[in-house]
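Okay, thanks for making time, everyone.

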Amino acid sequence: MIEFLRRIFAGSPPSADTAKERLRLVLMTDHLALGPEIVEAMKRDLVDVISRHVEVDREHIEVTFERQDRVLALLANVPILSVNRPSPPPSDGSPPTRPRRKRARRKAAAPSAPAEAAAGT
Amino acid sequence: MLPQAHDVAAERQTETTIGEIAKLGRAVVITSGKGGVGKTTTTANLGTALAQRGARVALIDADVGLRNLDILLGLESRVHHHLLDVLEETATLDEALVQDKHSDNLFLLAAAQAREKDEVDTEKMRALVGALRERFEYVLIDSPAGIEKGFKNAVVGAEEAIVVCTPEVSAVRDVDRIVGLLGNRFRPQLIINRVRPELVKKGKMLSVDDVNAILRLPLLGVIADEPQIIVTTNRGEPIALRREGATANAYHAIAARIAGEDVPAPTVELKKATFFERLFKGVRS
């Protein structure tokens, strides 16, 4: 009730609330403490799964963690080379006939990943 | 120089709550990660408060290179030997321990000022704390800021930890990190320092509950941001020497809790504001 009135009259939340929320998220990230080698391994595994269905550009995959609203999200940016024929990835990083890159920005395992990240702290 | 109170210390030890090592005193490291949250002030006041309860207390300033505990206790002119002198055996423990001005049973082992933290030998530090535990009921170790070698040396001989936090995001984050580094062995307990109830009430400062909802540590005490602390620091007379006053009482309550007494839950947010106060404060924040 007080919170509600406060929001209406003050416009922005009290700074202590902001501090609380920022701390909650930053500690979540701190506790996640994924080493670069784990992120690399995750990247590899993600690519293996996605490669079963579409051809992806292995050299240009980005995996990042981002705060979204109240949860920590894993974001995988996986450039798709071809949607038609799943095939072994190109051995060379820059094939001359590289198809136009569709940048598919997808949240890996959409709803469950953030929930797990949150639960993991 | 030191009174022969070894037997007295041993007798008193039986009253304490930590019973695993009946004859040894309790070695408690006071740490925080972040600097400037009040570790040294806390150490000086808890040492004073414990000593006023009659316990034999040794304080170790482990902040080698930035000696400060002596000045908070008003003992700076009495320090002739320091921690590294003892570790390197150029002075005996008895020569280096400085007796407090106000409490006969409080002693300080000062840090070296013109030396560096890396010069402290970790194993010798462990042995030193062990030696002090045979002679004192409490050995409080004032840790330097940071998580490097100075911190490790401060922690090595301790078996318990008190972490000092202020209601600020940076301090809370650093305490979280320190607690992670300490692990379970030290059973860390929390003192929240420099709380300003009027700001908490306005929603402009994290409350004790906010901080501890995040850190989830046993709450040992809460100390308000008290201007008198500055005065007592100027004079080199810890505020815990006083017999009355909210802050002095808060330190004495912490000392009692450390000694195993059942003391009411700490708080500085003394009175709850009425509905209308909260409403109007809320509107203006």
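Before the sheet, one convention: two strands pair here if DSSP finds at least two bridges between them. Helices and strands themselves are DSSP runs, H or I over at least four residues for helices and E over at least two for strands, numbered from the N terminus.

Keep in mind that this is a predicted model, so local features need pLDDT of at least 70 and side-chain atom pairs count only at pLDDT 80 or more, while totals for chains, interfaces and linings use all residues. As for labels, residues are numbered from 1 along each chain as its sequence is written, with chains lettered from A and ligands numbered from 1 in the order in which they are written.

So, chain B. Its eight strands make an open, mixed sheet, and the order is S3-S4-S2-S5-S1-S6-S7-S8. Which strands sit at the edges of it? Those are S3(B), residues 98-99, and S8(B), residues 219-224, each pairing on one side only. Further in, S6(B) (160-165) and S7(B) (189-195) run parallel and are joined by four bridges. Cys165(B) is opposite Ile192(B) of S7(B).

Now the helices on that sheet. For contacts, I mean C-beta atoms, placed from the backbone, within 7 Å. Axes are lines fitted to C-alpha atoms, for helices over the stretch in contact, and angles go from 0 to 180 degrees between N-to-C directions. H2(B), residues 39-52, lies across S1, S2, S4, S5, S6 and S7 of chain B, at about 165° to S5(B). H10(B), residues 208-215, lies across S6, S7 and S8 of chain B, and runs at about 145° to S7(B).

On to helix pairs. Two packed helices are described by the angle between their axes and the distance between the axes. H2(B) packs with H12(B), residues 246-258, at about 65°, the axes being 9 Å apart. That makes the two, H2(B) and H12(B), roughly perpendicular; the cut-offs are under 35 degrees for roughly parallel, over 145 for roughly antiparallel, 65 to 115 for roughly perpendicular, and oblique for the rest. H2(B) brings Asn45(B), Leu46(B), Ala49(B) and Leu50(B) to the contact, and H12(B) brings Tyr251(B), His252(B), Ile254(B), Ala255(B) and Ile258(B). By class that's seven nonpolar, two polar and no charged, where Ala, Val, Leu, Ile, Met, Phe, Trp, Tyr, Cys and Pro count as nonpolar, Asp, Glu, Lys and Arg as charged, and the others, Gly among them, as polar.

Next, H8(B), residues 169-182, and H10(B): their axes come within 10 Å and cross at roughly 35°. Val172(B), Val175(B), Asp176(B) and Val179(B) of H8(B) meet Val211(B), Ile214(B) and Leu215(B) of H10(B). That contact has six nonpolar residues, no polar and one charged.

What about a pair between the chains? H2(A), residues 15-32, packs on H8(B) at about 30°, with axes 10 Å apart, which makes H2(A) roughly parallel to H8(B). On the H2(A) side we have Ala19(A), Arg22(A), Leu23(A), Val26(A), Leu27(A) and Asp30(A), and on the H8(B) side Val169(B), Val172(B), Arg173(B), Asp176(B) and Arg177(B). This one has six nonpolar, no polar and five charged residues.

Last, confidence. pLDDT is the predictor's confidence in each residue, from 0 to 100. Chain B has a mean of 89, with 86% of its residues at 70 or more, while chain A has a mean of 69 and 55%. For the complex, the predictor gives an ipTM of 0.73 and a pTM of 0.72.

Note on methods
Contact = placed C-beta atoms within 7 Å.
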